[in-house]
Amino acid sequence: MYKAEGDDKELNNAINEAKQNIGIFESALNSNNENLYGFCIKMRFLTETGGEHIWLCDVFSKKNKLYGIIDNVPVSRTDLKLGDTIEIPKSEISDWMFINKKDSITTGGYTIKVIRNRFTKKEQKIMKKESGIKFKEKN
């Protein structure tokens, strides 16, 4: 878990970028491309102190709505459990990602990139090894 303040400009910019580009995620999800997998969305859930961002994976679309399964243990929201299936309101999406089998590159992950870049090189290596997430590096 990564604790961030609500006024974190860099993370808020990443969230806005993810929201602006949600069409990329939806197109990939609905493409039925067998090379794409690992469809996940990070969603903001309201809490007494603000919000908690939780990853939902195995995302699917049904009747123009998105649903996902809670993939990390909620900390502040005791009414939610790992494995619960949740409807995902687009207004509460804070990130998204999917992976291409051909090159193992992750598309999306806007907030992950911000958080990763705040880590030391050693922490970044550990994160990459533990998560398996690989991004296309900018030239």
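Biologist: Before I go on, what am I looking at?

Modeller: A predicted model, where local features need pLDDT of at least 70, side-chain atom pairs count only at pLDDT 80 or more, and totals for chains, interfaces and linings use all residues. Residues are numbered from 1 along each chain as its sequence is written, and side-chain values use heavy atoms, with hydrogens and water left out.

Biologist: OK, is T106 buried or exposed?

Modeller: T106 is buried, at 4% relative accessible area. The cut-offs are under 20% for buried, over 50% for exposed and partly exposed in between, with a 1.4 Å probe and protein chains only.

Biologist: Which strand does T106 lie in?

Modeller: Strand β6, residues 106-108. Helices (H or I, at least four residues) and strands (E, at least two) are DSSP runs, numbered from the N terminus.

Biologist: And what order do the six strands take in the sheet?

Modeller: The order is β4-β3-β2-β1-β5-β6, in an open sheet with antiparallel pairing. Two strands pair if DSSP finds at least two bridges between them. β4 and β6 are the edge strands, each pairing on one side only.

Biologist: How many bridges join β3 and β4?

Modeller: Four, in the antiparallel sense. I69 has T85 in β4 as its bridge partner.

Biologist: Which strands does α3 lie across?

Modeller: α3 lies across β1, β2, β5 and β6, at about 90° to β5. α1 lies across β2 and β5, and runs at about 65° to β5. For those angles, axes are lines fitted to C-alpha atoms, for helices over the stretch in contact, and the values run from 0 to 180 degrees between N-to-C directions.

Biologist: Switching to the inside: how many residues has the largest nonpolar core?

Modeller: It has 26, and F25, F39, I41, V59, I88 and W96 have the most contacts inside it. By nonpolar core I mean buried Ala, Val, Leu, Ile, Met, Phe, Trp, Tyr and Cys residues joined through side-chain atoms within 4.5 Å. The largest share, five residues, comes from β1.

Biologist: What does F39 touch?

Modeller: Not counting residues up to four places away in sequence, F39 touches F25, A28, L29, L56, C57, D58, V59, M97 and F98. Another core, of seven residues, lies apart from the largest one, and C40, W55, M97 and I133 are among its members.

Biologist: Now charges. How many salt bridges are there?

Modeller: Five, taking a salt bridge as a side-chain nitrogen of Lys or Arg within 4 Å of a carboxyl oxygen of Asp or Glu. One of them joins R118 and E10, at 3.1 Å from N to O. R118 is in the loop between α3 and α4 (121-131) and E10 is in helix α1, so this pair ties together parts 108 residues apart in sequence.

Biologist: And which residue does K90 bridge to?

Modeller: E26, with the closest N and O atoms 2.7 Å apart. K90 sits in the loop between β4 and β5 and E26 in helix α2, so the pair ties together parts 64 residues apart in sequence. E26 counts as buried at 19% relative accessibility, while K90 is partly exposed at 45%.

Biologist: What about K81?

Modeller: K81 meets D84 in a salt bridge, at 3.8 Å from N to O. K81 counts as exposed, at 52% relative accessibility.

Technical notes: Contact means heavy atoms within 4.5 Å.
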